[in-house]
Amino acid sequence: MFLQKKFKEYYSRAEIGMPRRFTRREYGFMFFERQMMLRHISFSSSQKLRNFLTEKAPAHVFYSSAYYSKPYEKEMKDKEWLGADLIFDLDADHLALPENCTYERMLGIVKNETKKLLDDFLIRDFGFDDLEVVFSGSRGYHIHIYDREVLELGSRERREIVDYVTGNGVSIELMLGKDNYAVPSVSEPGWYGRIGRAIGSYTDRILSMDDEERKKELKNVKGVGDVRAERIYEGLKRLKKEPRAVNALPKEFIEHLKDRVAIESSRGEADEPVTSDIHRLIRLPTSLHGKTGFLVKPLTLEEFDDFDPLQDAVVFGDEKVSVNVLKPFSIRIKDFSCNAEEGIVEMPEYAAVFACARGFCAEE
Amino acid sequence: MQPTILAKYPFLPEAFDLVKDESMDEILHSPAFNRARELGVARVQRALKNEDSFLFIDERNCFDVVLSFFISKAIVSQMNDSFLLRRHAIFEAKNAYHYLEEESRETADAVARSLGIKRDRNGVSFVTFLKYSPNAYGQWKLANSRLSGGMVEVDDHTFLRLVQEAVRERVEGIKFSVDGLEKTLDLGPIRAELANRKVTHRADRVELESFPPCMKSIMAQIENSINVPHQGRFSLVAFLNGIGMKEEDIMKIMAPIPDFDDRMTRYQVEHITGKEYSTPSCDTMRTYSLCFEPDGLCARIKHPMQYYEYRLHVSSKKV
């Protein structure tokens, strides 16, 4: 089989990046000819994993974010959990995408969300410095955090981290303060500053509108009619000068500012079940994704900035290969682009691998 | 730290060093240790009665006080009762909190450090905050903290509350038992107190029919292996604990959860029951969208526990 042969070629020459403490991890594999997942596998040396990959050329390679005393045990309770890296999974499937979004555009959107999560939350607020961004090989990015102190966090604590990132449970009463009821300063840490900045820029935006525009905008808010819109406008004018004037705004409107303005604009993306799962299997960096043939590529933060999966996650060569197109498709990878119709088509090997992995083509 | 300071925090390893060379036999029998033994029994009794115990500590009694802590730990392990174990740990932790409130910042920080909690001018690590926050609501929710560069800003009160939780965990974890304890100490009153409690909090009186609709619904979801969000699990465990159900029975109820993992669930259940979290109020249940199919009685109560107590009261009258 073409794909498996190509994967085998890759694994026989590839530098497989071994996960930290790789002997303590559980591995899982999916193959081209079988549906079942083979898991609860462990490897005592990096050579053994390499041999396995070269010999079996699996379609998908996973390893556990967790460390175990006995990673090979079938039952979770027998594995003896020792700790787990903290994982974030950003996948286009979980994001609100515009209609008819192209693959390239989608990758751009996911990249921006990943960047926001990294810069605003994981680095600035949480101060993580031992982390790795990995292109998932398909529609997103994984972030692996290895900072020592996170390894022993349980699900409950990890869920709290997700809530932090997504702004779930942010209390506007606490943010505005009990004794000193006021919009928090823009320079305050965490959600305090985010709320302060969001309310500030919202106020500026409303105040810069003309009467009609402003009325229309404010009346879009649930429960706001002409009278309330006027009251809110007066309130915002005062708020611009004095953060304590927030008490001039209706309570429901402040809730609206928190939920629909501040949290919606500054929250980060996080897939709760992935991050809180302390037994998760995740794709092995430097392996190949069986549904695209792309490299699951680990990136430094500098590399991430300029990373273009359609250039940089391609590992196969450009010699011409003939494939049998089963259903029409169009792709653009590296310098190659085509609108393929059914029938025999010639294309560079890297494009052929992608098209076959997607199921558009079969080997000629 | 000086012995007079250590005596306030006898659970610290440095305090154990003060007394580790004493002979256990002497401690149990010698008249020289009368006071230490009395204090040890009193510690357990006060813990059971939920009383504070503020001892005046000076050079003369500080060794007795440290010894009394270990005697109290020995009594607790002799009793082999998980309620007493938790209650004693909470009692010691509250005491430590009160002492710490009076200490200088340096001393408080030194005690905290010995428990693995470090504070600098930016606060404490968010991991410390998550690990030792008494619950995950309001100010204890990480999202409502001032977090920057991995450090959470904490005022003195918040800091000491985290230390208190660390003390509770430490005290609960200390293993200390002594053979022949009961030959020299009169543990009858403690036994009686414990037996008395069990009669009033019998878990076999749990009446599923009297559960409020929210708890029934969460239980039904769990039974059907629907993945109930954390807040729902938490509320149910706190409720079941509140009505006196045993940890083992709570574990059985939680077992069908799809990502059920004995070790983690046990940890969570113990975490909740150990800290004696109270069940969230109806308001809080509504906030977390956990208020399902409220009935007529719901309209008249503010707390799921009130619902249960009322129904229980009514059903006991019928009989």
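Student: Is C291(B) buried, partly exposed or exposed?

Tutor: C291(B) is partly exposed: its relative accessible area is 32%, and buried would need a value under 20%. Bear in mind that this is a predicted model, with every number computed from it. Over all chains, the disulfide count is zero. For C291(B), the nearest cysteine sulfur belongs to C298(B) and sits 6.1 Å away, whereas the cut-off for a disulfide is 2.5 Å. On the other chain, C101(A) is also classed as partly exposed, at 23% relative accessibility.

For contrast, look at what's tucked away in chain B. Helix α7(B), residues 105-114, is largely enclosed by the rest of the structure, because seven of its ten residues are buried. Those are T107(B), A108(B), D109(B), A110(B), V111(B), A112(B) and S114(B). Their cover includes α1, α2, α6 and α9 of chain B. After the helix comes G116(B), with a positive phi near 90 degrees. Further along, S133(B) sits in the loop between α8 and β2 of chain B, and at 2% relative accessibility S133(B) counts as buried. Its C-alpha is 20 Å from that of F239(B), which lies 106 residues away along the chain.

Now for charges. Side chains of opposite charge can pair when their charged atoms come close. In total, the structure holds 44 salt bridges over all chains. One of them joins R194(A) to D125(A), with the closest N and O atoms 2.9 Å apart. That pair ties together distant parts of the chain: R194(A) is in helix α7 of chain A and D125(A) in helix α4 of chain A, 69 residues apart. Both R194(A) and D125(A) are buried.

Back in chain B, R191(B) and E182(B) meet in a salt bridge at 2.9 Å, N to O.

D163(A) and K141(B) form a salt bridge with the closest N and O atoms 2.7 Å apart. D163(A) belongs to helix α5 of chain A and K141(B) to the loop between α8 and β2 of chain B, so this pair joins two chains. S133(B) is found in that loop too. Both D163(A) and K141(B) are buried.

Zoom out to the interface itself. It draws 31 residues from chain A and 26 from chain B, and buries about 2,500 Å², of which carbon and sulfur atoms give 57%. Three salt bridges are counted between the chains, along with 15 residue pairs in polar contact. On the chain A side, the elements giving two or more residues are α4, α5, α6 and α7 of chain A. The biggest contributor there is α5(A), with eight residues. By type, the chain A side splits into 14 nonpolar, eight polar and nine charged residues.

Key
Residues are numbered from 1 along each chain as its sequence is written. Chains are lettered from A and ligands numbered from 1 in the order in which they are written. This is a predicted model: local features need pLDDT of at least 70, side-chain atom pairs count only at pLDDT 80 or more; totals for chains, interfaces and linings use all residues. Side-chain values use heavy atoms; hydrogens and water are left out. Contact means heavy atoms within 4.5 Å. Buried area is the accessible area (1.4 Å probe) that two parts lose on being put together, summed over both. A salt bridge is a side-chain nitrogen of Lys or Arg within 4 Å of a carboxyl oxygen of Asp or Glu. A polar contact is a pair of N or O atoms within 3.5 Å; within protein, one must be able to donate a hydrogen and the other to accept it, and residues adjacent in sequence count only if both atoms are side-chain atoms. Helices (H or I, at least four residues) and strands (E, at least two) are DSSP runs, numbered from the N terminus. Ala, Val, Leu, Ile, Met, Phe, Trp, Tyr, Cys and Pro count as nonpolar, Asp, Glu, Lys and Arg as charged, and the others, Gly among them, as polar. Buried means under 20% relative accessible area, exposed over 50%, partly exposed in between (1.4 Å probe, protein chains only).
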